Amino acid sequence: VNVYVKMFTNSPFLLCMNLAHSQEEMIDPKYLWVGPDGRNLEGQLHVNLTETGKLMVMSFREFMSGAYTCTLSHKILETTTREEREVFETYKFMVYAYREADLAYQVFVRFTTEECDLAANDQFFEELMKILNNIISDLTCQIIESSYTCHSVKMPKQALLYQLFVSFQVNPFAPGWEEACHEVPYDCEDLTNARVHKARGRIGEFFNKQTYALRHQFKILPKIHYIENSFSVIHIDSCRPGFGKNNLTHKSCASCCVVCDPGTYSPNNEVTCQICPKPQVRRYGARSC
């Protein structure tokens with residue numbers, strides 16, 4: 001059974017029995033839990049082990065990932081012969097640390113212009129990026145990888161038009177984001193994701209207001225102006241170093257950034273754990289070979 005535990009949280013209780021056993025009586029049950037390092041878990045500080053064989057791993061971290069095995073022993077009494085025999089059963093759980101993916105948003109938007117060689121195009125683009133950065137600066141988000149290209153466009157039943165194709169990324173890691181994370185006692189992807197989502201909303205509202213202004217406030221349209229309904233967004237996931245996504249291995253947690261398996265590593269914020277050429281890495285969550 002695969003179990004996924006969010007970083008710095010407690011695992012669900014793992015039960016050392018199957019469904020059938022949970023519905024019937026057991027005589028003299030005993031439970032032996034062994035962790036990924038092969039050691040008996042009884043008495044270890046990072047686990048909660050109940051007398052009925054339930055195991056919870058607390059404040060889960062990368063190195064706690066791996067196989068958790070429980071051996072259940074109980075007695076069966078033969079009523080006719082009055083004999084006792086002991087039965088052993090083993091249950092295995094693969095437990096993985098995971099994080100939520102870090103979100104960013106790639107934005108695409110278009111503007112009309114009089115021609116592609118205008119110096120005003122550069123000035124307009126620079127001013128637009130300043131405005132957008134100011135809108136989201138209090139959220140410790142920023143505009144990165146911004147660019148534009150100019151193209152001539154032939155629309156049906158219209159003359160040739162010139163348009164600026166603008167793209168940029170809304171990123172949650174502006175200077176000061178780590179200080180903002182001190183509000184929470186653990187890694188703060190939930191907080192940064194909430195902030196970048198709010199930033200994306202503000203930017204969307206900014207372009208909605210452009211539409212309203214062009215319809216209701218301008219008698220003569222500016223030389224460079226927003227093209228209605230050209231605003232589009234795709235979200236981009238990234239994983240922290242030591243984590244990655246794998247839709248095949250981790251189908252039930254396909255959107256999660258799951259800790260890299262032994263023999264693999266992730267040195268950066270991409271979404272894939274790479275295979276080590278010489279698989280000497282024997283730990284979970286490796287950031288290098």
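Modeller: Helices (H or I, at least four residues) and strands (E, at least two) are DSSP runs, numbered from the N terminus. This is a predicted model, in which local features need pLDDT of at least 70, side-chain atom pairs count only at pLDDT 80 or more, and totals for chains, interfaces and linings use all residues. Residues are numbered from 1 along each chain as its sequence is written, and side-chain values use heavy atoms, with hydrogens and water left out.

Colleague: Which residues does Ser 73 touch, not counting residues up to four places away in sequence?

Modeller: Contact means heavy atoms within 4.5 Å. With residues up to four places away in sequence left out, Ser 73 touches Asp 28, Pro 29, Lys 30, Glu 86, Val 87 and Phe 88.

Colleague: Which element gives the most to the lining of the largest pocket?

Modeller: On a 1 Å grid over the protein atoms alone, a pocket is an open set of points where a 1.4 Å probe fits, with protein on both sides within 12 Å along at least five of seven lines, and lining residues have an atom within 4 Å of a point. The largest pocket is lined by 15 residues, and two or more of them come from each of α2 (119-136), α4 (189-216) and β10 (225-226). The element that gives the most, with 5 residues, is α4.
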